[in-house]
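I opened the model and kept notes as I went. The entries follow in the order of my look-ups.

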Amino acid sequence: MDWGTELWDQYDIIDKHTQSGLDLVEKYVKFVKERTEIEQNYAKQLRNLTKKYSPKRGSKEEQECRFSNHQSFLDILNEMNDYAGQRELIAENMMINICIELTKYLQELKQERKMHLSEAKKAQQSLEGTYKQLDNSKKRFEREWREAEKAAQYADKTDQDLNATKADVEKAKQQAHMRTHIAEECKNDYAAQLQKYNKEQNQFYFTDMPLIFNGLQDLDERRSKKLAQGYILFADTERHVMPIIGKCLEGITRAGTNVNERNDSLVLIEQHKSGFERPGDLEFEDYSQGINRASSDSSLGTPKGPLELLGKNKNKTFRLFNKKSKLPSSSLSPYNTPPTPSPANGPPSPKFGRDPLSYCLKEINKTVKPRISSFRTLKRTSVDTEGFTHLPPEQRRKRLQQKIDDISKELQKEMDQSEALGKMKDVYEKNPQMGDPASLAPQITQTAQNMERLRGELNKYESWLTEAGGRGDSIRYSTHSLNNNGAHNPNSPGALSDDTDSSQAIYTEFDDDFEDEELAAPIGQCTALYNFPGSSEGTISMQEGEVLSVVEEDKGDGWTRVRRNNGDEGYIPTSYATITLNK
């Protein structure tokens with residue numbers, strides 16, 4: 001069954017149907033275009049999302065990628081970036097394989113449909129023209145036949161008229177005969193036009209229009225088939241990338257399974273292990289014998305003290321003050337009082353808290369923290385100098401080993417280059433036409449110098465590594481304490497060990513940086529009311545009536561920091577002097 005046979009009289013229906021089919025193709029193309037825009041926007045948003053959460057180069061998050069959970073998150077971001085790329089690929093393939101192809105095919109169909117409709121219109125116009133000719137010949141034949149009948153009737157009437165002459169009768173007969181002859185010609189012409197029209201009409205309805213309708217039917221069927229292929233491509237385009245999308249999803253799953261919480265803990269230990277041992281017990285200091293307290297460095301000499309409770313500078317050990325201005329060790333002990341003044345009715349002792357830990361934290365917040373903040377603002381020197389002595393032992397050994405590995409790789413490159421230059425020189429000597437051996441002399445000399453320099457650096461870092469390894473896996477912090485007679489107690493847990501010089505280097509950097517700090521401007525003056533010996537570390541002696549410059553006022557601990565004109569600084573009991581601050 002075809003349209004030309006079954007729908008021979010439904011030209012308007014076929015016209016509307018074919019146009020509706022083309023409109024559907026155009027609508028589907030627009031639909032796919034909007035889908036591609038959605039995919040592209042989705043991919044763009046995914047890429048922006050991954051970029052937003054990806055760590056910047058050199059940031060803290062990038063350094064934390066050593067941990068498996070952080071690395072897995074980066075893997076997820078990478079997989080999502082690849083996933084976004086697949087969504088872009090879907091949009092691109094849909095645009096090329098569906099939108100562009102269907103748009104091009106749609107234009108061809110429109111041209112073909114236009115051609116078929118044009119042929120149908122021409123055939124219709126030709127048939128209508130033939131029918132118009134038929135109608136004209138028919139009307140002429142009718143008119144001429146009536147005229148012939150009238151002429152014949154007139155001739156008969158004239159012939160029967162007795163008054164008519166013979167000439168009138170002959171004339172009437174001739175006129176009737178002429179009209180009859182014209183009518184016969186019109187009849188023959190009408191018959192010919194009728195035959196012609198019937199033939200064209202038969203050609204129109206049984207040949208021309210069926211061919212045109214069948215052509216439109218074929219066009220519509222091909223359109224439907226092409227559109228169906230577009231429907232299938234809509235799914236196949238996404239189905240083709242599903243394996244890669246599946247791999248992306250598998251990568252995300254694999255990233256989750258790669259998280260090793262135990263290994264992350266070990267990495268944190270490996271990365272931040274200092275190698276120091278926990279501090280020893282503080283020695284009991286007996287003040288019941290009524291003698292002057294000797295100086296004690298236990299509070300300042302123990303890096304693992306209240307400072308660590310603040311959670312700051314855990315990886316760095318240092319002294320809090322330089323040698324010129326050290327907080328008296330007794331100020332960090334809530335039970336210590338300044339030495340008794342010479343007058344019998346001496347001044348009251350400075351105020352202290354009752355809770356040792358609270359007092360120490362208060363002292364650090366008021367006195368130590370400002371100094372640490374000031375220290376952070378100073379210009380830092382290169383940490384690569386002097387064999388990473390600023391680092392804890394464990395981290396120092398790792399950095400030294402890493403440096404040795406880097407130098408060894410660089411040295412190996414120089415050795416390979418030296419070997420290559422030597423071979424090239426031999427080739428030049430045997431074949432002078434290939435090059436001048438003397439031209440390689442500067443490169444050979446430079447390479448030799450680089451090798452010598454790298455060997456020197458390698459030996460230096462190896463010696464430092466040996467030195468760091470010779471100290472053992474850890475260095476014990478010792479609490480430096482004195483007995484009541486002012487002498488070191490060799491049996492106490494806080495006694496100085498034999499490796500004082502080596503452990504002293506740990507504090508060098510912080511001390512040196514504070515020694516470079518500019519002297520603080522005086523904030524007032526004070527006049528001594530009593531003599532003060534200044535025997536404790538960090539204090540300064542003064543005589544009654546002596547005038548000193550106030551550098552730091554009393555923070556509530558009973559001590560004031562002062563300075564002489566010669567630059568000596570130290571702490572005195574606030575109650576031992578009259579203090580006048582600048583306004």
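Is Asn48 buried, partly exposed or exposed? I looked up its relative accessibility, found 44%, and logged Asn48 as partly exposed. My cut-offs: buried is under 20% relative accessible area, exposed is over 50%, and partly exposed lies in between, with a 1.4 Å probe and protein chains only.

**Ground rules.** This is a predicted model, so I took local features only at pLDDT of at least 70 and side-chain atom pairs only at pLDDT 80 or more, while totals for chains, interfaces and linings use all residues. Residues are numbered from 1 along each chain as its sequence is written, and side-chain values use heavy atoms, with hydrogens and water left out.

**Whole chain.** I counted twelve helices and five strands. These are DSSP runs numbered from the N terminus: helices are H or I with at least four residues, strands are E with at least two. The chain has 583 residues, and 35% of them are buried. I then took the contacts with a separation of 6 or more; 74% of them join residues 24 or more positions apart. Contact here means heavy atoms within 4.5 Å. The chain exposes about 35,900 Å², and carbon and sulfur atoms supply 50% of that. Accessible areas come from the Shrake-Rupley method with a 1.4 Å probe; for residues, only the protein chains shown count as cover.

**Helix H2.** Asn48 sits in this helix. I checked its C-alpha against that of Ala84, 36 residues away along the chain, and got 10.0 Å. Thr18 is also in H2, which covers residues 11-53. Thr18 is buried, at a relative accessible area of 1%. What does Thr18 touch beyond its neighbours within four places in sequence? I found Trp3, Arg113, Leu216 and Asp220. A polar atom of the Thr18 side chain also lies 3.0 Å from the backbone oxygen of Ile14.

**Helix H5.** This helix spans residues 166-257, and Tyr205 lies in it. Tyr205 is partly exposed, with a relative accessible area of 32%. With Trp8 and Phe206, Tyr205 makes a nonpolar surface patch of about 360 Å². Patch residues have over 30% relative accessible area and no salt bridge; like charges are joined within 9 Å, nonpolar side chains (Val, Leu, Ile, Met, Phe, Trp, Tyr) within 5 Å.

Ile252 is another H5 residue. I logged Ile252 as partly exposed, at 23% relative accessibility. Leaving aside neighbours within four places, Ile252 contacts Ile76, Glu79 and Met80.

**Salt bridges.** How many does a search of the whole structure find? I got 20. The test is a side-chain nitrogen of Lys or Arg within 4 Å of a carboxyl oxygen of Asp or Glu. Side chains of opposite charge can pair when their charged atoms come close.

- Arg239 bridges to Asp236, with the closest N and O atoms 2.4 Å apart. Both are in H5, three residues apart, so about one helical turn separates them.
- Glu419 bridges to Lys423, with the closest N and O atoms 3.6 Å apart. Both lie in H9 (residues 393-430), four residues apart, about one turn of the helix. Glu419 is partly exposed at 47%; Lys423 is exposed at 53%.
- Arg563 bridges to Glu569, with the closest N and O atoms 2.6 Å apart. Arg563 and Glu569 are both buried.
- Arg35, Glu39, Arg87 and Glu238 are linked in a network of salt bridges.

**Back to Glu569.** Its side chain makes a polar contact with the side chain of Arg561, at 2.5 Å. A polar contact is a pair of N or O atoms within 3.5 Å; within protein, one must be able to donate a hydrogen and the other to accept it, and residues adjacent in sequence count only if both atoms are side-chain atoms. Arg561 is in strand E3, residues 559-563. Arg561 counts as buried, at 11% relative accessibility.

**Helix H9.** I compared its span with expectation. H9 has 38 residues and reaches 55 Å from its first C-alpha to its last, close to the 56 Å expected at 1.5 Å a residue. The expected span is 1.5 Å times one less than the number of residues. Among the buried residues of H9 are Leu400, Ile404, Ile407 and Leu411. Glu414 is on that buried list too.
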